[in-house]
Amino acid sequence: MRGRASGPSPLPERAARVWRTLGAAFVILVFVPPLLLLVSGSLTEPGLPPPPTPQLVPEPVSTTGYQQAVELGGLLRASLNSVLVAVVAVPLSVLVAALAGFALARVAPRVTATVVAASLVALMVPATALLVPRFAIFRTLGLTDTLVPLIAPALVGTSPLYVLVYYLAFRALPADLYDACLVEDLSPMRIWWRVALPLVRPVTAALTALTFVLTWSNFLDPLVYVYDRDLFTLPLALRSLSVLDPTNFPVFLAGAVLATVPALAVFVLAQRRFLHHDDPTGRNR
């Protein structure tokens with residue numbers, strides 16, 4: 001009798017494919033219909049009464065809403081401000097969170113437990129509870145009505161959650177890997193940059209996408225700190241656009257489509273890392 005071929009069972013990989021397929025189907029069923037209705041409404045002729053029933057293809061199809069949204073809402077200037085904030089805040093936030101998470105994974109267990117406990121407590125504090133003290137600090141420093149308060153949270157990793165996610169990812173790496181790096185006399189920074197960080201690329205992709213979406217859609221902080229219309233970010237510009245003529249819904253929906261496209265593009269770019277992971281040899285699974 002021939003012996004059975006040795007090797008890993010294909011069942012875990014098949015189960016992973018099934019779960020990925022189910023996840024993708026769930027995302028499509030939940031998010032695609034509202035997006036289609038959003039695009040359809042933005043292509044409706046401005047000034048016409050809303051249709052009695054939702055229409056996937058409006059009659060007539062018009063792009064006038066997009067032109068008016070850009071002209072009346074100042075979306076171009078607001079988009080540039082949002083891009084500036086995202087370009088600075090997102091990489092900085094991910095970088096700080098990755099460094100802090102790696103440090104937590106390498107320090108003494110007692111220190112790690114203390115910091116993790118403090119991070120969990122910080123996560124339970126409502127963000128609105130920090131608005132008044134943060135506003136007082138930025139006002140004392142003369143930084144209100146600038147974009148600095150929108151970027152400053154990235155200096156502490158934006159959220160303790162990001163640090164904890166990186167900590168768990170670095171902690172999951174084999175201890176022998178770190179020991180081999182120490183034998184090769186690599187410094188902690190070189191271990192983080194050349195060895196540990198490349199092995200947690202899916203985590204980096206996920207946190208980058210999440211940070212971008214939260215930064216891009218941040219409405220509360222610009223509302224509190226920014227007063228000059230030339231410094232409005234996209235959410236503030238959409239708010240001002242919605243109050244110009246609440247009955248002219250195609251113009252507002254067109255602005256919403258323009259604001260949604262960058263977030264969708266980032267998600268599409270990151271989804272390959274969401275649904276696939278690399279083994280230490282760099283091959284996709």
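This is a predicted model: local features need pLDDT of at least 70, side-chain atom pairs count only at pLDDT 80 or more; totals for chains, interfaces and linings use all residues.

Trainee: What secondary structure does the protein chain have?
Mentor: The protein chain has 13 helices and 0 strands. Of its 285 residues, 32% are buried.

Trainee: What makes the contact between Asp221 and Arg134 a salt bridge?
Mentor: The cut-off is 4 Å between a side-chain nitrogen of Lys or Arg and a carboxyl oxygen of Asp or Glu. For Asp221 and Arg134 the N to O distance is 3.8 Å, so the pair counts as a salt bridge. Asp221 lies in helix α11 (residues 220-225) and Arg134 in helix α5 (residues 131-140), so the pair ties together parts that are 87 residues apart in sequence.

Trainee: How many salt bridges does a search of the whole structure find?
Mentor: The search finds 1 salt bridge.

Trainee: Why is Asp221 called buried, and why is Arg134 called partly exposed?
Mentor: Buried means under 20% relative accessible area, and partly exposed lies between that and the exposed class, which is over 50%. Asp221 has 11% relative accessibility, so Asp221 counts as buried. Arg134 has 22%, so Arg134 counts as partly exposed.

Trainee: Is Thr233 buried or exposed?
Mentor: Thr233 has a relative accessible area of 5%, which is under 20%, so Thr233 is buried. Thr233 lies in the loop between α11 and α12 (234-244). Leaving aside neighbours within four places in sequence, its contacts include Ala78, Leu150 and Pro222.

Trainee: How do you know that α7 is roughly antiparallel to α10?
Mentor: The axes of helix α7 (residues 160-171) and helix α10 (residues 201-216) come within 11 Å and cross at roughly 175 degrees. Angles over 145 degrees count as roughly antiparallel, so α7 is roughly antiparallel to α10.

Trainee: Which residues meet between α7 and α10?
Mentor: Tyr162, Val165, Tyr166 and Ala169 in α7 meet residues in α10, among them Val203, Leu207 and Leu214.

Trainee: Which residues make the nonpolar surface patch?
Mentor: Ile28, Val32, Leu36, Leu37, Leu56, Val57 and Val61 make this patch of about 650 Å². Val61 lies in the loop between α1 (11-42) and α2 (64-73).

Note on methods. Residues are numbered from 1 along each chain as its sequence is written. Side-chain values use heavy atoms; hydrogens and water are left out. Helices (H or I, at least four residues) and strands (E, at least two) are DSSP runs, numbered from the N terminus. Buried means under 20% relative accessible area, exposed over 50%, partly exposed in between (1.4 Å probe, protein chains only). Patches are made of residues with over 30% relative accessible area and no salt bridge: like charges are joined within 9 Å, nonpolar side chains (Val, Leu, Ile, Met, Phe, Trp, Tyr) within 5 Å. Accessible areas come from the Shrake-Rupley method with a 1.4 Å probe; for residues, only the protein chains shown count as cover. Axes are lines fitted to C-alpha atoms, for helices over the stretch in contact, and angles run from 0 to 180 degrees between N-to-C directions. Angles under 35 degrees count as roughly parallel, over 145 as roughly antiparallel, 65 to 115 as roughly perpendicular and the rest as oblique. Contact means heavy atoms within 4.5 Å.
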